[in-house]
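The questions below ask how each label was reached.

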Amino acid sequence: MKWTAEAEGAIKKIPFFVRKRVRSRVEKEAEGEGKPLITLAEVKATQARFLSRMETDIKGYQIETCFGASGCPNRAHAGDGLMQKLEALLAEENLLEFLKKEVKGPLKYHHEFRITLADCPNACSQPQIKDIGIIGACVPKITQNPCSQCEACANACREQAICLDAGLPVIQLERCLSCGKCIEVCPTGTLEAGTRGYRVLLGGKLGRHPRLARELPGIFSEEAVLSIVKNCLSFYRLHSKGGERFAEIFTDKVFEETAATCRLIEGIGDGCKKG
Ligand code: SF4
Ligand code: SF4
Ligand code: SF4
């Protein structure tokens with residue numbers, strides 16, 4: 001749908017955490033009224049309606065994904081199935097009731113628990129600043145197929161994580177972000193997809209005291225991600241008081257304990273390559 005420059009300017013002034021919702025609502029409402037063009041008047045009308053309905057719109061959580069599913073060529077691991085399961089899990093948890101009991105005064109969007117999924121390390125859906133951020137991963141594996149020494153893998157790697165040594169590829173796993181790009185360009189099958197799954201980041205937030213989420217060691221299966229999310233939600237329910245965000249209660253000590261558990265539990269971080 002087309003937007004006037006004035007309308008685009010107005011939407012940019014809306015706080016980023018509600019901008020996407022307001023934008024899609026403006027378009028939906030304009031479409032419903034048969035308007036082909038979004039002007040400043042449409043933005044203002046929808047914005048007023050949106051803010052007055054904020055409390056009734058709050059569901060206790062926000063979950064989003066990058067636009068990988070719409071055909072992005074960078075997807076390292078498609079998380080469509082996981083998204084549906086996460087949505088179901090969050091709905092089942094009924095965080096809205098929990099927040100209603102905990103928060104004094106009206107509920108706001110910033111109270112909601114946030115999970116986001118990005119299908120590759122480009123992280124377009126900003127997993128680093130969410131309570132739980134999930135990133136699709138594809139770990140390269142070196143096979144017995146002879147390498148032609150074309151160096152396509154080294155040239156494709158933006159992390160300088162792969163090089164040739166004595167005619168063979170060598171991967172520095174501590175630099176590798178599991179984007180899978182080297183696998184795509186290898187013409188001989190010397191590199192192939194090893195473990196596919198998800199990286200998991202916990203405890204990110206913006207606001208007055210922002211912090212970046214920290215990454216658990218390992219690449220996790222769908223099942224393991226769901227188990228981690230479930231445990232995080234139990235922890236949140238147990239320790240969050242008065243609407244505290246997960247990042248505020250998920251201290252460094254708790255993170256280290258969680259990371260240690262991930263290293264210990266066999267299978268949970270299948271293909272664990274870090275930490
Ligand atoms: S995070 Fe990666 S897969 Fe998702 S939209 Fe961005 S570039 Fe594409
Ligand atoms: S998976 Fe990505 S980051 Fe890792 S070595 Fe290959 S291209 Fe580099
Ligand atoms: S892209 Fe494949 S064939 Fe070419 S140097 Fe890398 S591992 Fe060898």
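This is a predicted model: local features need pLDDT of at least 70, side-chain atom pairs count only at pLDDT 80 or more; totals for chains, interfaces and linings use all residues.

Q: How many helices and strands does the protein have, and what counts as one?
A: The protein has 11 helices and nine strands. The C-alpha atoms fill a box of roughly 65 × 45 × 30 Å along the principal axes.

Q: What share of the residues counts as buried, and by what rule?
A: Of the 275 residues, 44% count as buried. Buried means under 20% relative accessible area, exposed means over 50%, and partly exposed lies in between (1.4 Å probe, protein chains only).

Q: What share of the contacts joins residues 24 or more positions apart?
A: Such pairs account for 70% of the contacts with a separation of 6 or more. A contact means heavy atoms within 4.5 Å.

Q: Why is leucine 117 called buried?
A: Its relative accessible area is 0%, so leucine 117 falls under the limit for buried. Leucine 117 is in strand β4. Leaving aside neighbours within four places in sequence, its contacts include Glu64, Thr65, Cys66, Ile134 and Tyr198. Cysteine 66 is 51 residues away from leucine 117 in sequence and 6.5 Å away in space, C-alpha to C-alpha.

Q: Why does valine 200 count as buried?
A: Valine 200 has 1% relative accessibility and therefore counts as buried. This residue lies in strand β8, residues 191–202. Among the residues it touches, not counting those up to four places away in sequence, are Ile132, Leu216, Phe220, Val225 and Ile228. Between valine 200 and proline 210 there are 10 residues in sequence and 19 Å from C-alpha to C-alpha.

Q: What makes leucine 96 buried?
A: The relative accessible area of leucine 96 is 18%, so the residue is buried. Leucine 96 is in helix α6, residues 95–102, and touches Ile58, Lys59, Gly60 and Leu107, residues up to four places away in sequence not being counted. Its C-alpha atom is separated by 30 Å from that of cysteine 120, 24 residues apart along the chain.

Q: Why is glutamate 151 called partly exposed?
A: A relative accessible area of 42% puts glutamate 151 in the range in between, so it is partly exposed. Glutamate 151 lies in the loop between β5 and α7 (152–156), and has a positive phi of about 65 degrees although it is not a glycine.

Q: Why is glutamine 126 placed in that class of partly exposed residues?
A: Its relative accessible area is 39%, so glutamine 126 counts as partly exposed. Glutamine 126 is in the loop between β4 (113–118) and β5 (132–142), with phi near 60 degrees, a positive value in a residue other than glycine.

Q: How do you know that ligand 2 sits in the largest cavity?
A: Sitting in a cavity requires more than half of the atoms of a molecule within 2 Å of its grid points, and ligand 2 sits in the largest cavity by that rule. A cavity is a set of points, on a 1 Å grid over the protein atoms alone, where a 1.4 Å probe fits but cannot get out.

Q: Which residues come nearest to ligand 3, and where does ligand 3 sit?
A: Cys147, Cys150, Glu151, Cys153 and Cys186 come nearest of the 14 residues around ligand 3, where near means a heavy atom within 4 Å. Ligand 3 sits in the second largest cavity. Cysteine 150 has a relative accessible area of 40% and so is partly exposed.

Q: How many disulfides are there by the rule used?
A: The count comes to zero disulfides, a disulfide being a pair of cysteine sulfur atoms within 2.5 Å.

How values were computed: Residues are numbered from 1 along each chain as its sequence is written. Chains are lettered from A and ligands numbered from 1 in the order in which they are written. Side-chain values use heavy atoms; hydrogens and water are left out. On a 1 Å grid over the protein atoms alone, a cavity is a set of points where a 1.4 Å probe fits but cannot get out, and a pocket is an open set with protein on both sides within 12 Å along at least five of seven lines; lining residues have an atom within 4 Å of a point. Helices (H or I, at least four residues) and strands (E, at least two) are DSSP runs, numbered from the N terminus.
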